[in-house]
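Open the model in your viewer and keep the selection tool at hand.

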Amino acid sequence: MIRNRADAEALDRALASREPAPRADLAALVRLGDELTETWAAQPDAAAAAYGRRVALTAFSTAAARVGRPARVRLRRRLTVAAASILLIVAGGTAAAAPAVERSLPGDAAYPAKLTLERARHVLAAGDAAEASLYLSDAEARLEEAVRAQSEGRAVVMPDVLARYHSNVRRFEEHVSRSDRQDAADLEARAAREFRTHREVLTALLGVVPDSARPGIERAIEAARRGGPPKGVGPPEEPGRPEQTRPGVPPTR
Amino acid sequence: MDSIDELVRRAAAGDADAFGALFDRLHDRVYRYFAARMRDRAEAEDMTATVFLEAAHRLPQFRGDGRAFVAWLFTVARHDLADLRRRERRHPVDPVEEVPAEDTAPDPAQQVADRLDADRLWAALNRLTDDQREVLLLKFAVGLSNEETARALHKPVTAVKSLQHRGLAALRRLLEEP
């Protein structure tokens with residue numbers, strides 16, 4: 001029976017010192033504590049831990065590189081990336097310097113880490129409005145990838161990138177429809193501005209990509225008109241979960 | 001071996017090796033926290049990875065010592081778990097139990113007995129108060145000290161000791177119920 005603070009102190013001393021508890025009831029609680037420690041001594045899968053370590057280190061390097069850059073510069077960079085992209089497409093220049101993860105494209109070693117980072121943000125999102133906002137940002141990231149793919153002569157990855165763009169736009173629409181009225185209105189206003197820019201960038205891309213990439217670009221332009229994929233075209237499959245891309249680790253679900 | 005204080009200081013200054021060392025020191029403890037509260041081991045691994053991604057983003061601007069960082073890490077873990085539970089309540093998911101590989105599967109009779117004990121512990125743990133459960137997890141699954149637990153839960157050390165006592169006593173009573 002719990003009496004007072006003295007019992008709590010006596011139990012804690014017994015747990016810490018491993019000396020016999022002063023009473024049988026406290027000794028029973030010490031034994032229970034030992035059993036809990038033994039029961040909960042689980043070990044993570046070594047391959048999963050190693051993969052998590054690589055992803056976390058990549059994220060740390062990216063974050064460390066960003067420290068000291070003013071927030072307004074980061075915001076301005078996102079807002080003007082589309083305008084710069086058009087210039088990039090037209091001038092045929094090389095992609096501006098950016099951390100390796102941000103620069104990565106499908107097929108690059110760092111690309112799964114990039115998707116894992118995006119997914120982690122979604123895990124931490126609090127509500128549909130937050131998720132919708134993140135999917136809008138993800139769609140912009142896909143657009144940047146499409147531009148970079150073209151500028152680096154890697155149009156072969158364009159279908160993968162554009163399929164993910166479709167998925168991001170579709171998920172954005174789903175979460176907006178589940179948001180409350182005010183949040184939805186704010187998101188719609190932001191989306192109207194951003195999708196207009198997306199259409200401009202995609203239209204510029206249409207002029208320079210190989211013929212094989214044109215249909216995907218045209219579908220993306222339709223998606224950016226805020227109706228999701230055009231009627232008659234089935235939505236693309238959801239890009240794979242990070243655990244399906246872990247090297248050497250079979251999926252558990 | 002560098003202390004956690006030193007590793008946190010170096011990682012906050014952008015030292016990737018220090019961050020890696022922090023990961024190595026703390027990863028298994030964070031995993032045990034989630035594994036004690038989740039039946040799905042893969043999900044516990046995913047949640048652990050998410051916590052360290054948060055740490056990766058936060059550390060370059062972190063201002064605090066090793067204890068503050070450990071407390072912050074487990075505060076994030078608790079909040080992430082609470083967020084997951086809220087999402088599960090909104091969108092219920094029927095979890096698929098993992099089937100052990102044949103070469104590691106224990107004796108079926110023992111497996112049933114083990115599962116019963118785990119089920120009883122799981123059910124009993126869910127009947128404790130949130131504070132009692134968190135103290136037991138942080139002390140016995142994670143191995144935090146009273147001071148570290150107190151910081152993670154934003155409570156005084158005396159409260160942690162009291163919750164430890166009450167939690168163990170309540171758990172023992174629940175486990176002894178028929």
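Is Glu145(A) buried or exposed? Select Glu145(A): its relative accessible area is 0%, so it is buried (under 20% relative accessible area is buried, over 50% exposed, in between partly exposed, with a 1.4 Å probe and protein chains only).

This is a predicted model, in which local features need pLDDT of at least 70 and side-chain atom pairs count only at pLDDT 80 or more, while totals for chains, interfaces and linings use all residues. Residues are numbered from 1 along each chain as its sequence is written, chains are lettered from A and ligands numbered from 1 in the order in which they are written, and side-chain values use heavy atoms, leaving out hydrogens and water.

**Salt bridges in chain A**

Arg142(A) and Glu145(A) form a salt bridge, with the closest N and O atoms 2.8 Å apart (a side-chain nitrogen of Lys or Arg within 4 Å of a carboxyl oxygen of Asp or Glu). Both sit in helix α7 (residues 128–151) of chain A, three residues apart, which means about one helical turn between them. Helices here are DSSP runs of H or I with at least four residues, strands are runs of E with at least two, and both are numbered from the N terminus. Arg142(A) has 2% relative accessibility and therefore counts as buried.

Next, go to helix α10 (residues 214–227) of chain A, where Arg225(A) and Glu222(A) are also three residues apart. Their salt bridge has its closest N and O atoms at 3.1 Å.

Then select Arg23(A) and Asp25(A), whose side chains meet in a salt bridge of 3.0 Å, N to O. Arg23(A) is partly exposed at 25% relative accessibility, and Asp25(A) is partly exposed at 24%.

**Whole chains**

Color by chain. Chain A has 10 helices and zero strands; chain B has eight helices and zero strands. Buried residues are 43% of the 253 in chain A and 49% of the 178 in chain B.

**Helix α2 of chain B**

At its start, a side-chain oxygen of Asp15(B) comes within 2.9 Å of the backbone nitrogen of Asp17(B).

Terms used
Polar contact = N/O pair within 3.5 Å; in protein donor to acceptor, adjacent residues only side chain to side chain.
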